[in-house]
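Student: I should like to go through the reasoning behind several structural labels. May we set each value against its criterion?

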Amino acid sequence: MKFEDYSAPFEGDFFEEGRRLLGSRLDRYSFLQESIVGYPGRLGREEHLSNIKEFYKIAIETGVDDLICRSYPLASWVADTVNSEIEAKQVVDAGCCSGFFTVFYALNHPSSQFLGIDISEDALNSAMLRADRYGVQNVQWVNGDLLDPNIAKYFDGADTVLFQDVLYQIFGSR
């Protein structure tokens with residue numbers, strides 16, 4: 001399955017639609033995004049993690065997360081390229097967010113096992129709903145902080161680890 005068959009690209013004005021979806025939460029969302037991306041390292045670790053969780057809570061609740069995945073100019077190319085390279089039996093998607101890409105990869109590789117890890121419970125709840133909607137059976141989800149040493153056990157036995165759109169958040173907390 002090609003990415004365009006899984007997710008129809010968004011054809012409207014991205015910024016107008018984002019403002020519409022966010023409504024009164026636009027200012028808070030913008031502030032959180034700026035604190036995570038624009039000023040990495042300026043916050044303490046706990047405040048940074050709290051901002052990440054709140055940012056994704058707003059993104060999931062409003063539908064902005066799906067809008068971003070569908071609107072990102074390289075999303076289709078990245079997804080199709082990564083998808084064509086997966087030959088592993090055990091794949092970990094570190095920082096999987098709402099499972100948008102994890103579910104796509106799992107659909108295309110039913111004999112592989114996928115594990116999505118994310119710090120946001122809201123994002124993982126959305127990921128589980130997405131997997132159920134597509135009937136995906138080969139994905140498990142774990143709520144955890146990628147910098148927590150206890151999370152390392154989930155990488156044991158993995159043939160492939162994906163870090164798609166998460167590293168800037170990790171390094172921003174250091």
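Predicted model: local features only at pLDDT ≥ 70, side-chain atom pairs only at ≥ 80, totals over all residues.

Student: How do you know that the span of helix α8 agrees with its number of residues?

Tutor: Helix α8 comprises the 14 residues 121–134. The expected span is 1.5 Å times one less than the number of residues, so α8 should span 20 Å. Its end C-alpha atoms are 20 Å apart, which agrees.

Student: Which residues of α8 are buried, and what puts them on the same side of the helix?

Tutor: The buried residues are Ala123, Leu124, Ser126, Ala127, Arg130 and Ala131. They cover an arc of only 160° around the axis, and therefore lie on the same side of α8. On the other side, Glu121, Leu129, Asp132 and Arg133 are exposed.

Student: What covers the buried residues of α8?

Tutor: The cover includes the helices α1 (3–6), α4 (45–62), α5 (64–71) and α7 (100–108). It also includes the strands β2 (113–118) and β3 (139–143).

Student: At what angle do the axes of α7 and α8 cross, and why is the pair called roughly parallel?

Tutor: The two axes come within 9 Å and cross at roughly 30°. Angles under 35 degrees count as roughly parallel, so α7 is roughly parallel to α8. The crossing is right-handed. Where they meet, α7 contributes Phe100, Val103 and Leu107, while α8 contributes Ala127, Arg130, Ala131 and Tyr134.

Student: At what angle do α2 and α5 cross, and why are they called roughly antiparallel?

Tutor: The axes of α2 (residues 14–22) and α5 come within 10 Å and cross at roughly 170°. Angles over 145 degrees count as roughly antiparallel, so α2 is roughly antiparallel to α5. Here α2 passes α5 in a right-handed crossing. Phe14, Glu17, Gly18, Leu21 and Leu22 of α2 meet Val64, Leu67, Ile68 and Ser71 of α5.

Student: Why is Ile117 called buried?

Tutor: Ile117 has a relative accessible area of 0%. Buried means under 20%, so Ile117 is buried. This residue belongs to strand β2. Beyond residues up to four places away in sequence, Ile117 touches Val92, Asp93, Ala94, Gly95, Cys96, Val142, Gly144, Leu146, Ile151, Tyr154 and Phe155. Gly95 is 22 residues from Ile117 along the chain, yet their C-alpha atoms are separated by 5.5 Å.

Student: How do you know that Phe114 counts as buried?

Tutor: The relative accessibility of Phe114 is 3%. The limit for buried is under 20%, so Phe114 counts as buried. Phe114 also lies in strand β2. Apart from neighbours within four places in sequence, Phe114 is in contact with Ile86, Val91, Thr102, Tyr105, Ala106, His109, Asn138, Val139 and Gln140.

Student: Where is Cys97, and what makes this residue buried?

Tutor: Cys97 is in the loop between β1 (90–94) and α7. Its relative accessibility is 11%. Since buried means under 20%, Cys97 counts as buried. Its phi is near 55°, a positive value in a residue other than glycine.

Technical notes: Residues numbered from 1 in each chain as written. Heavy atoms only, no water. Helix = DSSP H or I, 4+ residues; strand = E, 2+ residues; numbered from the N terminus. Buried < 20%, exposed > 50% of the residue type's maximum accessible area, 1.4 Å probe, protein only. Arc of directions from axis to C-beta. Contact = heavy atoms within 4.5 Å. Axes fitted to C-alpha atoms, helices over the stretch in contact; angles between N-to-C directions. Parallel < 35°, antiparallel > 145°, perpendicular 65-115°, else oblique. Left-handed = near helix turned anticlockwise from the far one by under 90°.
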